[in-house]
Amino acid sequence: MPRFFIDDPSKCIRDDVITIGGEDARHISRSLRMKVGETLEVSDFSGILYSCSITGFTEDEVTLGILEKKLCDSEPNVRVRVFQALPKGDKLDTVIQKCTELGAFDFTPVLTSRCISRPDDKSAKKKCDRWQKISQEAAKQCGRGIIPKVNDVCSFTEAVREMSECTLSVMCYECEDGYSIKKCIEDNITKLGDGASVGIFIGPEGGIAPEEAQKAKDAGIITAGLGKRILRTETAPIFAVSAVMLLTGNCE
């Protein structure tokens, strides 16, 4: 069943009627060619899911009657935050798409000392807008209850500061061969109940500089390995998010 999102329920919902406008309305009427009486789902970004029936069309809006209101069961009980060092090319497109499907809560692109891609402010804003659209499309496709936010590009120092506020923060570090992400999650599983946050940091193609790893450790971030093989920068976050979801019981 098609799923759409509304930004502000207080503006879009009146007396059990939801009004959808803009691009989504055009998609419903022109691309999907849906008719009055057909059903779709609407999420309000807070985990509430509405089952609806189309009641009418105008030139630029679709009205829906609410049939059922319930909590969305597709959201994990932990918030996995992906801090990804900026990779080259369109690799971050893949990271955002696949990690959205896996249940990531949000994404923060990070500039580290070994990043080859270093966009200026204007280019970074344009990229973030595109990444947000990728997140939105992936969330719709896989039935998420929220659209993961793509935050502005930040410095490594800013990323460390933000990660240190998570319930558990893990830097996936290729030089850490004595402590795995599996062991890290298992050692901290009692902290990871409903509403807990897990920060995952992934380095760029050139890896994480030793001084950056040390700075992260000094801030309380745990360094952990991802197994015996060296994963590409666009593969590592998919692996890490999958591991967190599995080990916290969010794959059942």
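Analyst: Happy to! Let's start with a side chain that meets a backbone: a polar atom in the side chain of Ser197 lies 3.0 Å from the backbone nitrogen of Thr167. Keep in mind that this is a predicted model.

User: Thanks! Where is the place of Ser197?
Analyst: Ser197 belongs to strand β12, which covers residues 197–202.

User: And is Ser197 buried or exposed?
Analyst: Ser197 is buried, because its relative accessibility is 14% and the cut-off for buried is under 20%.

User: What else does Ser197 touch, leaving out residues up to four places away in sequence?
Analyst: Besides Thr167, Ser197 touches Arg79, Cys166 and Leu168. Glu165 is also worth a look: 32 residues separate it from Ser197 in sequence, while their C-alpha atoms are 8.8 Å apart in space.

User: Changing topic, how many disulfides does the structure hold?
Analyst: The count is 0.

User: Are Cys154 and Cys172 buried or exposed?
Analyst: Cys154 is buried at 9% relative accessibility, and Cys172 is buried with a relative accessible area of 7%.

User: Now the helices. How do α3 and α4 pack?
Analyst: Helix α3 (residues 91–102) and helix α4 (residues 121–142) have axes 8 Å apart, at an angle of about 30°. They are therefore roughly parallel to each other, since angles under 35 degrees count that way. The crossing of α3 past α4 is right-handed.

User: Which residues meet there, in α3 and α4?
Analyst: From α3 they include Leu92, Ile96 and Thr100, and from α4 they include Trp131, Ile134 and Ala138.

User: What about α3 and α8?
Analyst: Those axes come within 9 Å and cross at roughly 10°, so α3 and α8 are roughly parallel as well. On the α3 side, Val95, Lys98, Cys99 and Leu102 take part, meeting Pro237, Ile238, Val241, Ser242 and Met245 in α8.

User: Where is the place of Thr233?
Analyst: Thr233 sits in the loop between β13 (222–224) and α8 (236–247). It is buried, with a relative accessible area of 6%.

User: What does the side chain of Thr233 reach?
Analyst: The side chain of Thr233 reaches the backbone oxygen of Gly203 at 2.7 Å. There is also a polar contact of 2.8 Å between the side chains of Thr233 and Gln84. Other residues that Thr233 touches include Pro87, Lys91 and Ile202.

User: One last stop: what is the phi of Asp15?
Analyst: Phi of Asp15 is near 50°, a positive value in a residue that is not a glycine. Most residues other than glycine have a negative phi. Asp16 also has a positive phi, of about 65°.

User: Where are they, and are they buried or exposed?
Analyst: Asp15 is in the loop between β2 (13–14) and β3 (17–21), and Asp16 is in the loop between β2 and β3 too. Asp15 is exposed, with a relative accessible area of 76%, and Asp16 is exposed at 53% relative accessibility.

Notes:
Residues numbered from 1 in each chain as written. Predicted model: local features only at pLDDT ≥ 70, side-chain atom pairs only at ≥ 80, totals over all residues. Heavy atoms only, no water. Disulfide = S-S within 2.5 Å. Buried < 20%, exposed > 50% of the residue type's maximum accessible area, 1.4 Å probe, protein only. Helix = DSSP H or I, 4+ residues; strand = E, 2+ residues; numbered from the N terminus. Polar contact = N/O pair within 3.5 Å; in protein donor to acceptor, adjacent residues only side chain to side chain. Contact = heavy atoms within 4.5 Å. Axes fitted to C-alpha atoms, helices over the stretch in contact; angles between N-to-C directions. Parallel < 35°, antiparallel > 145°, perpendicular 65-115°, else oblique. Left-handed = near helix turned anticlockwise from the far one by under 90°.
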